[in-house]
Amino acid sequence: MLKIDHVVKKYGSFTLNCDMEIRPGCVTGLIGKNGAGKSTAFKAALGLIRMDSGTVEILGKPIEQLSAADRQKIGVVLSDSGFSTFLSVKDIAIILDNMYDKFDRNVFLEECHKSELPFDKKIKEFSTGMKAKLKVLIATSHDASLLILDEPTVGLDVVARDEILDLLRGYMEQDENRSILISSHISSDLETLCDDLYMIDHGTILLHEETDVLLSDYALLKLSQEQYDRIDRQYLLRCKDESYGYACLTNQKQYYAENYPDIVMEKGGIDDLILMMAWSPKEGEQL
């Protein structure tokens, strides 16, 4: 559905060096701290920035060869893009009707009504949650095969986030061949929505893992100096100095549970993954 192959983009001291593949029928999450390169990767995937090297394929075609009809199959939410805030939902419906062959005005307005979005009020008068819901409804309104969503739930409360996630689940349930690439700072959003996750830091993909594997096989080990000295370290991905000894991230939780039953082990999650994989050791500290 989407393939990003050895894409490189340099901005001063920052370099994006990215490989990702989003498969048909899958929801893929891109995680990382602020400034890690998520938005740059999204813009590269959409052809919004000129790449220094590498290729991007969408729907089986190089991005530069996409036709107008092909582009209608892509729905996008970016934080710094959207319709004029002086327009209303009714105005947007008219524009979308002229932009997309498969846009259904009645269905769009019905979904806006379900989401309690007023038809005649200008978007600039909407709350943050209302604006976010409208962006997702626009992206899903024209039977797109691929959604590319950069932080669609940022700044929203729990209720608004759940409503947007429900919209995305409904979108995926309608067609088993649809796909979503989504980024979010809210780990619980990605844990319940995504089939697999990529982690990016300083522009480079550090890890790609299925979400189920991440939640079942990853763990954070809390080790004293004595435990750290005697433990088998072959399955430790990152080790960080702490006041009590070491915090170590592993993707072989069962191995350590069976062979070192005395150690303290915490369930690994997306937040742990970001903190540990993006952590840079100081001189003399463990990697």
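Author: Let me begin with aromatic pairs: rings of Phe, Tyr and Trp (its six-membered ring) pair if their centres lie within 6.5 Å. In this predicted model, the count by that rule comes to 5 aromatic pairs.

Reader: What makes the pair of Tyr 235 and Tyr 255 edge-to-face?

Author: A pair of aromatic rings is described by the distance of the centres and the angle of the planes. For Tyr 235 and Tyr 255 the centres are 4.9 Å apart and the planes stand at 75°; because the definition asks for centres within 6.5 Å and takes planes over 60 degrees apart as edge-to-face, the pair of Tyr 235 and Tyr 255 is edge-to-face. The pair links distant parts of the chain, 20 residues apart, with Tyr 235 in the loop between helix H9 and strand E12, and Tyr 255 in helix H10. Tyr 235 and Tyr 255 also belong to one aromatic cluster with Tyr 256 and Tyr 260.

Reader: Why is Tyr 235 called partly exposed, and what value is given for Tyr 255?

Author: Buried means under 20% relative accessible area and exposed means over 50%. Tyr 235 has a relative accessible area of 28%, so it is partly exposed, and Tyr 255, at 24%, therefore counts as partly exposed too.

Reader: How do you know that the charged end of Arg 233 sits over the ring of Tyr 228?

Author: The rule requires CZ of Arg to be within 6 Å of the ring centre and within 35 degrees of the ring normal. The charged end of Arg 233 is 4.0 Å from the centre of the Tyr 228 ring and is assigned as sitting over it. The charged end of Lys 9 likewise sits over the ring of Tyr 11, 5.2 Å from its centre.

Reader: What makes E11 and E13 a strand pair?

Author: Two strands pair if at least two bridges are found between them. E11 and E13 have 5 bridges and pair in the antiparallel sense, with Leu 249 in E13 as the bridge partner of Leu 220. E11 is also joined to E14 by 4 bridges, again antiparallel, and Val 264 in E14 is the bridge partner of Lys 222.

Reader: Why are E12 and E14 said to stand at the edges?

Author: The open sheet has 4 strands in the order E12-E13-E11-E14, with antiparallel pairing. E12 and E14 each have a single partner strand, so one side of each is left without a neighbour in the sheet.

Reader: Why is E11 described as largely enclosed?

Author: Of the 5 residues of E11, 4 are buried, so the strand is largely enclosed by the rest of the structure.

Key:
Residues numbered from 1 in each chain as written. Predicted model: local features only at pLDDT ≥ 70, side-chain atom pairs only at ≥ 80, totals over all residues. Heavy atoms only, no water. Buried < 20%, exposed > 50% of the residue type's maximum accessible area, 1.4 Å probe, protein only. Helix = DSSP H or I, 4+ residues; strand = E, 2+ residues; numbered from the N terminus. Phe/Tyr/Trp six-rings, centres within 6.5 Å; stacked < 30°, edge-to-face > 60°.
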